[in-house]
Amino acid sequence: MGVSAAYHLASRGCRDVVLLEKAQFLGSEATGKCAGGMRYQFSTEINVRLSLLSLPMLDRFEAELEQPIDLRRTGYLFLLDNRVDLAIFERNVAMQNRLGVSSRILSCNEAAALAPLIQMDDIVGAAWHEGDGLADPNGVVQGYAAAARCAGAQLFTGVTALGIRVEGGRVAAVETSDGTIATRHVVDAAGPWAGQVAALAGVDLPIVPVRRQIAVTTPLLQVPPDFPFVIDFSRSLYFHREGRGILTGQSNPDETSGFDQSVDHAWTERHLDAAMMRFPLLARAGLLREWAGLYEVTPDAHPVIDTLTDPAGFTIVAGFSGHGFMHGPISGLLVAEMILDGQAHSLDIRQLRFSRFAEGDLVREHNVV
Ligand SMILES: Cc1cc2nc3c(=O)[nH]c(=O)nc-3n(C[C@H](O)[C@H](O)[C@H](O)COP(=O)(O)OP(=O)(O)OC[C@H]3O[C@@H](n4cnc5c(N)ncnc54)[C@H](O)[C@@H]3O)c2cc1C
């Protein structure tokens, strides 16, 4: 979110854009730890509309920013093991089709033909969209960072925002570990830490960090190059090809919120047991790597993209709840529009306003993995 916003602001001629990253490297937190998935298959119109604008920006990324991002249209295959989920996905697919996304419901046999290595005995149907896929998060971060610098933005790593000074109801400065920066605009793009950064400005932003884990196997030569992104929806379990092995993740439903990013080995065992039940070939692979990262979760699993009036000049682009990598491109553009034009105009994002929490006007995204 940060590098995309910095790029879109600077490329539109905004001067004195400064990005602060507390880590030693850009993109080493949620973005660098994510699975790289990008999809149109969401349950709410606003998320589908974000994808309709953001995924074509990823399509054009390499040509426009001269940075390879290893984009692969593998398709996303949601496997459904009960009629309730199937009915929900049927409604979602109808909504996606109405918005121009050619997703469809598949029979078990059709799903098995797309992912022949997957155990399908308990599956009652599937949702599929061949335009969904994968891209390299690090490539996207580096592409935006380089282009933002070329356009005049200054990006600092190893610098932490420690305080936000508010004067007369408006942001006036950011106190950092390296000194104070006077500014009339601050963008909170702190991902899982966005709630902490908002608190610096006196804003109570309901975004909590929740640990999520990923494991990557050693090579499995039987997995075809066109193996799709497969999601066992009721188990929050997913697989895609990573190099010549398989990347798999599973969300622990009992994980409580917190900033702990150590690997929970007890969960790894349960995850890999479930993974081998669904994808028996994994029993023949070794574990190459595993890591944990943080989702940035809001009460309705939608982000906040909004500029506040209290304090004025404070913009939030955070809370993507585990599917924000794919929406980074359009979100940075929307931030630039809010700051430079007074409001976002590429998309109506009123549903993503900060005040919805106080108003109780929440519509939950169902397709959270
Ligand atoms: C395991 C896992 C799998 C995922 N899979 C997918 C997927 O397949 N597809 C998808 O679209 N999304 C996925 N996501 C979600 C996605 O990673 C996030 O939604 C997205 O990366 C959020 O980007 P961000 O820029 O908001 O946060 P981040 O990438 O975390 O960036 C925020 C940055 O702010 C910095 N920061 C925080 N506080 C301060 C401070 N006070 N001063 C200075 N810097 C600060 C942090 O160091 C961090 O680098 C996944 C996430 C995880 C953890």
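There are 20 salt bridges here, counting a side-chain nitrogen of Lys or Arg within 4 Å of a carboxyl oxygen of Asp or Glu. This is a predicted model, where local features need pLDDT of at least 70, side-chain atom pairs count only at pLDDT 80 or more, and totals for chains, interfaces and linings use all residues. Residues are numbered from 1 along each chain as its sequence is written, and side-chain values use heavy atoms, leaving out hydrogens and water.

**Salt bridges**
- Asp-81, Asp-122, Asp-232, Arg-235 and Arg-278 are tied together in a salt-bridge network.
- Arg-350 pairs with Asp-348 at 2.5 Å, N to O; Arg-350 is exposed at 61% relative accessible area, while Asp-348 is partly exposed at 45% (buried is under 20%, exposed over 50%, partly exposed in between, with a 1.4 Å probe and protein chains only).
- Asp-70 and Arg-72 meet at 3.8 Å, N to O, with Asp-70 partly exposed at 46% and Arg-72 partly exposed at 29%.

**Helix 1**
- Helix 1 spans residues 2–11, and eight of its ten residues are buried (helices are DSSP runs of H or I, at least four residues, and strands are runs of E, at least two, numbered from the N terminus).
- Among what covers those buried residues are strand 1 (18–21), helix 2 (45–65) and helix 8 (328–341).
- Just past helix 1, Gly-13 adopts a positive phi of about 95°.

**Thr-268**
- Thr-268 sits in helix 7 (residues 265–278) and is buried, at 7% relative accessibility.
- Leaving aside residues up to four places away in sequence, Thr-268 touches Gln-213, Val-263 and Glu-290 (contact means heavy atoms within 4.5 Å).
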